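Visitor: I'd like to learn how to read the packing and the pockets of a protein model. Could you walk me through one?

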Amino acid sequence: MGLDEQVLCVSRRALPAAWLGQRTAIPLSYQHCLEILTAAAYCYKPRRQAERDPRFKQLIPYVVAVDPRGPRVGCYRRKGSETRLHGLESVGVGGHVRREDAAEASNGLASVLARGIQRELTEEFLALPEPLAVRFQGIINEEETEVGEVHLGLVFRMEVPRPETVRVGAELHDFQWLTLAQAMRRPLELWSRLALELLA
């Protein structure tokens, strides 16, 4: 998939103003989040167009792997398709939700997002312990970079009770488990810093 894929978006003007701050991390219930996004009439647009159109926000599930015994978070160096983030480190695994995810999901936005999350985790991890507990934490937004201007992050916490069983794919370069304090000292992308605020 590439820039011609159809990705899940929502009109910026249909979102609450509080969600669109320069650096925003807002905890809220998943139900409330889904109600707002559904009322905003989410749609699918060609990624090539959406990446250049700040009138829309592409919805990105952003999953943070957490070892609850630390707690520690999984941290890696960016090496994927988003070249604008190369050189930075991240605690979030995620990507665009595609129109195909909707076709493979049951009715409703929650099932579409769940399908998108499942696909991304399968792409990025070679092995994860089962069962996985993935819980919504809130939304993150930043308007300081070209990437942030056209994306809205939906942060999920994924509890990994046996981190020693995790095997990662090639895009999660130099993956390691760090305490929250250690992670905050790394050269993290801004979204990761905002996501950690929701986990703290």
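This is a predicted model: local features need pLDDT of at least 70, side-chain atom pairs count only at pLDDT 80 or more; totals for chains, interfaces and linings use all residues.

Guide: Let's begin with the nonpolar packing. In soluble globular proteins, nonpolar side chains tend to be buried together. Here the largest nonpolar core has 34 residues, and W19 and L37 have the most contacts inside it.

Visitor: Which elements give two or more residues to this core?

Guide: On the helical side, helix 1 (30-39) and helix 4 do. The strands are strand 1 (6-11), strand 4 (56-67), strand 9 and strand 10 (151-159). Helix 4 gives the most, with 5 residues.

Visitor: What does L37 touch, not counting residues up to four places away in sequence?

Guide: With those set aside, L37 touches V10, L15, W19, Y42, L59, L109 and L154. There's also a second, separate core of 19 residues, with L178, L190, W191 and L199 among them.

Visitor: Okay, on to empty space. How do I read a pocket?

Guide: Rolling a probe the size of a water molecule over the atoms shows where empty space is left. Take the second largest pocket, which holds about 290 Å³ of space. It is lined by 17 residues, and I117, Q118, L121, L132 and V134 are the closest to its centre.

Visitor: Which elements give two or more residues to that lining?

Guide: Those are helix 4 (109-124), strand 8 (125-127) and strand 9 (133-142). Helix 4 gives the most to this lining, with 6 residues.

Visitor: And how do the lining residues divide into nonpolar, polar and charged?

Guide: For the second largest pocket, the lining has 13 nonpolar, 2 polar and 2 charged residues.

Notes. Residues are numbered from 1 along each chain as its sequence is written. Side-chain values use heavy atoms; hydrogens and water are left out. On a 1 Å grid over the protein atoms alone, a cavity is a set of points where a 1.4 Å probe fits but cannot get out, and a pocket is an open set with protein on both sides within 12 Å along at least five of seven lines; lining residues have an atom within 4 Å of a point. Grid points are joined across faces, edges and corners, and a volume is the space filled by probe spheres set on the points. Helices (H or I, at least four residues) and strands (E, at least two) are DSSP runs, numbered from the N terminus. Ala, Val, Leu, Ile, Met, Phe, Trp, Tyr, Cys and Pro count as nonpolar, Asp, Glu, Lys and Arg as charged, and the others, Gly among them, as polar. A nonpolar core is a set of buried Ala, Val, Leu, Ile, Met, Phe, Trp, Tyr and Cys residues joined through side-chain atoms within 4.5 Å. Buried means under 20% relative accessible area, exposed over 50%, partly exposed in between (1.4 Å probe, protein chains only). Contact means heavy atoms within 4.5 Å.
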